[in-house]
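Let us walk through this structure one part at a time. Keep the sequence and the 3D view side by side as you read.

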Amino acid sequence: MNKKHIGKLAVLCLILLSLCGAIKVGMESSFTAGWLQSSKAQDLAPAVDMDKKVNTLWVLADLIGGRHLPTTITVQGSFGTTAAHFEQAREEWKKTIQVNASFKAVTEHGREVFRLHYQGLGWESRVLMFFEQDGKAYYTVTIEGASDGGRKGATEEAERLYMMLKEAEYAVDWNAAVRAEAALDLKEAWSKAEQAIQEMGEALPLDRYEDDRTISVSYHVSYMGQGLKMKDSTVNLQVAAHENGETGLTKVTFGTPLIAGEY
């Protein structure tokens, strides 16, 4: 089949410690034994900077206080196929990422999609794939690392997938999000988030949404590298805070380049 192309000194210390692996939350795992990257895939690793960016998000979330929630990384993309060859294309895609679990057809939002689940120590992965009438199959792999030690393993798995799919010439991209939850109201939590962002470096707000319970702002910051084009600039960090009116807790999410969902 033909596959288609497509971090005030304290803060700096936190970043350096994080990047050196000195900040840990419990035991962090490596991905499942037996999955080996090719030497060619390893050569591509520095271009991704995934581990560095996820660690920076972790530092930002740590500055909010409260408790960390699971780290989420999504690897998503598409490839050309036809309805008649979609099953064969799914299996070839699965063979590329070296996963043995089987796809299962389910109905979501009134349409047939395909789901696949697999896991490693401290992390789990959920695959969503569906075919569109534009002649492309779209996939999203959501890898969630437990807050008590799964961040490293989740990042390694996401890097592995990205490298293999890129090497096989699938269209592929990735997003990452780190969340913290604190006993703060929305304004207090947002004030802490803004302070954290600005202490790390230069930050230019590009787009803002706000209601009674939520604030979400997209930024171009000096410390997150490449991103996506937005309003004659590049967005490489999105921050969202949402207050739970019942519990009084506010969840703050730091994502790069944006906070992504499955669909």
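Begin with two helices: α3 passes α5 in a right-handed crossing. The model you are looking at is predicted. Helix α3 covers residues 50–62, and its axis lies 10 Å from that of α5. The angle between the two helices is about 145°. Which residues meet where these helices pack? From α3 come M50, D51, V54, N55 and W58. From α5 come R151, T155, A158, E159 and Y162.

Stay with α5 for a moment. This helix runs over residues 151–167, which gives it 17 residues. From its first C-alpha to its last it reaches 24 Å. That is close to the 24 Å expected at 1.5 Å a residue. Is α5 mostly covered or mostly open? It is mostly covered, with 14 of its 17 residues buried. After the helix comes E169, which has a positive phi near 70°.

That brings up backbone angles. Most residues other than glycine have a negative phi, and most peptide bonds are trans. Several places in this model depart from that pattern. Q98 is not a glycine, yet its phi is positive, near 60°. Look for Q98 in the loop between α4 and β3, the strand of residues 104–108. Q98 counts as partly exposed because its relative accessibility is 36%. H109 is another non-glycine residue with a positive phi, about 50°. H109 sits in the loop between β3 and β4. Is H109 buried or exposed? Its relative accessible area is 71%, so H109 is exposed. Now go to T256 and P257. The peptide bond from T256 to P257 is cis, with omega near -15°. P257 belongs to the segment after β13, which spans 250–256.

Next, step back to helix α4, residues 86–96, where K94 lies. K94 is a lysine, so where does its accessibility of 10% place it? K94 counts as buried, because the cut-off for buried is under 20%. Setting aside residues up to four places away in sequence, K94 touches V99, N100, A101, S102, F103 and L116.

Now turn to the interior. In soluble globular proteins, nonpolar side chains tend to be buried together. Here the largest nonpolar core has 61 residues. Those with the most contacts inside this core are W93, Y139, V141, L237, V239 and F254. Take V239 and trace what surrounds it. Residues up to four places away in sequence are not counted here. V239 touches W190, A193, I197, I215, S216, V217, Y219, V252, T253 and F254.

Charged pairs come next. How many salt bridges does the structure hold? There are nine. One of them joins the side chains of E132 and R111, at 3.1 Å from N to O. This pair links distant parts of the chain: E132 is in strand β5 (residues 123–132) and R111 is in strand β4 (residues 111–120), 21 residues apart. E132 counts as partly exposed because its relative accessibility is 28%. R111 is partly exposed too, at 25%.

A second salt bridge joins E210 and R208, with the closest N and O atoms 3.0 Å apart. E210 is partly exposed, with a relative accessible area of 47%. R208 is partly exposed as well, at 46%.

E243 lies in strand β12 (residues 237–243), and R213 is in the loop between β8 and β9 (214–221), so the pair ties together parts that are 30 residues apart in sequence. E243 is buried, with a relative accessible area of 15%. R213, in contrast, counts as partly exposed at 38%.

Finish at G201. This glycine is in the loop between α6 (186–200) and β8 (203–210). G201 counts as partly exposed because its relative accessibility is 26%. Which residues does G201 contact, beyond its neighbours within four places in sequence? They are S222 and Y223. G201 and Y223 are 22 residues apart along the chain, yet 6.6 Å separates their C-alpha atoms.

Note on methods:
Residues are numbered from 1 along each chain as its sequence is written. This is a predicted model: local features need pLDDT of at least 70, side-chain atom pairs count only at pLDDT 80 or more; totals for chains, interfaces and linings use all residues. Side-chain values use heavy atoms; hydrogens and water are left out. Helices (H or I, at least four residues) and strands (E, at least two) are DSSP runs, numbered from the N terminus. The expected span of a helix is 1.5 Å times one less than its number of residues. Buried means under 20% relative accessible area, exposed over 50%, partly exposed in between (1.4 Å probe, protein chains only). Contact means heavy atoms within 4.5 Å. A nonpolar core is a set of buried Ala, Val, Leu, Ile, Met, Phe, Trp, Tyr and Cys residues joined through side-chain atoms within 4.5 Å. A salt bridge is a side-chain nitrogen of Lys or Arg within 4 Å of a carboxyl oxygen of Asp or Glu. Axes are lines fitted to C-alpha atoms, for helices over the stretch in contact, and angles run from 0 to 180 degrees between N-to-C directions. A crossing is left-handed if the near helix is turned anticlockwise from the far one by less than a right angle, and right-handed if clockwise.
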